[in-house]
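Subject: Structure handover

Hello,

Here is the structure for your files. My notes on what was found in it come after it.

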Amino acid sequence: MNEMLSDPFVIGIAAGVCTGISMLPQLVMIIGKKKASDISLGMLLILLCGVGLWVYYGILKKDWPIIATNAFSFLVNLLILFFSLKYKKRKG
């Protein structure tokens, strides 16, 4: 067990998974309530840029844990952006 906690690969995957799933509750709430008035589009765009750059960085380094976890995070945040725009337009 201690060996796993000191393995950079395992730590990287765990950190990436936590980061990737951190926005899932927000996505579920937006879809469930069909309301996105409290979502900052600026924050989402900046976050998408940052996560996209992490994916690119992972590609340059050929680091699959960085690529996979940040690609998942990018997808989740892209869906949040999509549904935020969809439901803001609908209500407005």
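How much of the protein chain counts as buried? Of its 92 residues, 27% do, where buried means under 20% relative accessible area, exposed means over 50%, and partly exposed lies in between (1.4 Å probe, protein chains only).

Two remarks on the source. This is a predicted model, in which local features need pLDDT of at least 70 and side-chain atom pairs count only at pLDDT 80 or more, while totals for chains, interfaces and linings use all residues. Residues are numbered from 1 along each chain as its sequence is written, and side-chain values use heavy atoms, with hydrogens and water left out.

Overall fold

The protein chain has 5 helices and 0 strands, and its pattern along the sequence is α-α-α-α-α. The radius of gyration is 15 Å, well over the 12 Å that the globule rule gives for 92 residues, so the chain is more spread out than a compact globule. That radius is taken over C-alpha atoms, and the globule rule is 2.2 Å times the number of residues to the power 0.38. Helices (H or I, at least four residues) and strands (E, at least two) are DSSP runs, numbered from the N terminus.

Along the principal axes, the C-alpha atoms fill a box of roughly 50 × 30 × 15 Å. The chain exposes about 6400 Å², with carbon and sulfur atoms supplying 73% of that area; accessible areas come from the Shrake-Rupley method with a 1.4 Å probe, and for residues only the protein chains shown count as cover. Among contacts between residues at least 6 apart in sequence, 71% join residues at least 24 apart. Contact means heavy atoms within 4.5 Å.

Helix H5 and its partners

Several residues of helix H5 (64-91) show what it packs against. Serine 84 is found in this helix and is buried, with a relative accessible area of 0%. Leaving aside neighbours within four places in sequence, serine 84 is in contact with Ile30, Ala36, Ile39, Leu41 and Leu44.

Tyrosine 87, also in helix H5, is buried at a relative accessible area of 4%. Its contacts, with neighbours within four places again left out, are Ile30, Ile31, Lys34, Lys35 and Ala36. The C-alpha atoms of tyrosine 87 and lysine 35 are separated by 5.7 Å, although the two residues are 52 apart along the chain.

Leucine 41 belongs to helix H4 (residues 41-61). Is this leucine buried or partly exposed? It is partly exposed, with a relative accessible area of 26%. Beyond four places in sequence, leucine 41 is in contact with Leu81, Ser84, Leu85 and Lys88.

Serine 73 lies in helix H5 and counts as buried at 4% relative accessibility. Not counting residues up to four places away in sequence, serine 73 touches Thr19, Gly20 and Val51.

Two loop lysines

Lysine 34 is in the loop between helix H3 (24-33) and H4, and lysine 62 is in the loop between H4 and H5. Phi is near 55° for lysine 34, a positive value in a residue other than glycine. Lysine 62 likewise has a positive phi, near 55°. At 37% relative accessibility lysine 34 counts as partly exposed, whereas lysine 62, at 66%, counts as exposed.

Largest pocket

The largest pocket holds about 170 Å³ of space. Of its 13 lining residues, the closest to the centre are Gly12, Pro65, Ile66, Thr69 and Asn70. On a 1 Å grid over the protein atoms alone, a cavity is a set of points where a 1.4 Å probe fits but cannot get out, whereas a pocket is an open set with protein on both sides within 12 Å along at least five of seven lines; lining residues have an atom within 4 Å of a point. Grid points are joined across faces, edges and corners, and the volume is the space filled by probe spheres set on the points.

Which helix gives the largest share of the lining? H2 does, with 6 residues. Helix H2 (8-21) and helix H5 each supply at least two residues of the lining. By class, the lining has 5 nonpolar, 7 polar and 1 charged residues. Here Ala, Val, Leu, Ile, Met, Phe, Trp, Tyr, Cys and Pro count as nonpolar, Asp, Glu, Lys and Arg as charged, and the others, Gly among them, as polar.

Regards
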